[in-house]
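Dear colleague,

I am handing over the structure below, together with some notes on what was found in it. Please read the notes with the structure open beside them.

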Amino acid sequence: GRAFAPMAEHWLSLWEEARTLPQREENQVFRVASVGSVSTYILSPVLRRFLMDGTSRLTFHQYHSLESYGYVERGEIDLAFVSDDMFSRSVETIPAFREPMLLVTRPDALLPPQVHPSQLDAGREIRMEWNPEYDLWHAFWFGPSSVPRMRFDLMSIMEEAIGWEDNWLIAPASVAHAMARRGGAALRPLQDGPPDRIIYYLLGPRRKRAQTGRLLSLLQERLAELDGVVSLL
């Protein structure tokens with residue numbers, strides 16, 4: 001009995017440690033990544049609500065779609081939001097939401113109330129790389145070698161640039177409506193416009209299911225607040 005007692009205490013300690021594994025998993029830092037437009041215009045309130053329980057831990061990175069696939073494949077990111085649907089043997093790509101693409105101009109832009117792509121001057125374009133589907137549409141109407149007035153990859157500069165000159169921008173609804181609400185930008189109907197943008201979320205082989213489900217549930221609430229955005233969750 002005396003010889004067995006230390007062994008029993010050791011096994012009891014292992015049993016208690018095994019019982020706390022799910023709780024330890026939930027207390028781990030949740031690692032999220034996103035393309036810039038989604039992080040800037042959609043995710044900020046979602047992340048704030050996610051942390052409101054006081055116990056969650058979070059890290060966030062802004063990555064392009066290709067980068068996010070690599071990080072999720074290696075298990076360095078738990079959940080990523082991307083605009084490009086790519087193939088990966090170890091990453092599941094799931095539609096999160098879709099939104100129309102809208103024409104954004106200055107309020108005093110010299111354009112008709114309803115605009116066709118043929119009426120847009122590519123030399124006045126503020127170009128953003130939204131997704132491959134938008135690139136195909138753009139090449140069809142403006143040619144693959146068209147040169148925009150400005151090309152940006154930073155949302156804050158893009159918002160300012162719409163007021164610099166008589167420029168125009170085509171942007172997803174979440175971006176376009178946010179710019180209009182802040183003033184200095186107007187939305188115009190666009191005939192024969194680009195296809196809707198679809199945002200996907202990525203899950204890797206090792207998943208933190210409870211944290212992922214909670215953040216996606218909060219995202220669902222956020223999407224219901226946005227004009228023109230349709231949840232696919």
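Two residues are taken to be in contact when heavy atoms of theirs lie within 4.5 Å. Please keep in mind that this is a predicted model.

In helix α5, residues 132-142, the buried residues are Tyr-134, Trp-137, His-138 and Phe-142. Viewed down the axis of α5, these buried residues fall within an arc of 105 degrees, so they line one face of the helix. That buried set packs against β5 (101-105), β6 (126-127) and β8 (168-172), whereas Leu-136 and Phe-140, on the other side of α5, are exposed. After α5 comes Gly-143, which has a positive phi, near 90 degrees.

There is also a helix pair to look at: the axes of α3 (residues 36-50) and α8 (residues 209-223) come within 9 Å and cross at roughly 130 degrees, which means that α3 is oblique to α8. The crossing of these two helices is right-handed. Among the residues that make the contact are Tyr-41, Ile-42 and Phe-50 of α3, and Arg-214, Leu-218 and Leu-223 of α8. Sorted by class, the contact of α3 with α8 has eleven nonpolar, one polar and four charged residues.

Technical notes
Residues numbered from 1 in each chain as written. Predicted model: local features only at pLDDT ≥ 70, side-chain atom pairs only at ≥ 80, totals over all residues. Heavy atoms only, no water. Buried < 20%, exposed > 50% of the residue type's maximum accessible area, 1.4 Å probe, protein only. Helix = DSSP H or I, 4+ residues; strand = E, 2+ residues; numbered from the N terminus. Arc of directions from axis to C-beta. Axes fitted to C-alpha atoms, helices over the stretch in contact; angles between N-to-C directions. Parallel < 35°, antiparallel > 145°, perpendicular 65-115°, else oblique. Left-handed = near helix turned anticlockwise from the far one by under 90°. Nonpolar A, V, L, I, M, F, W, Y, C, P; charged D, E, K, R; others polar.
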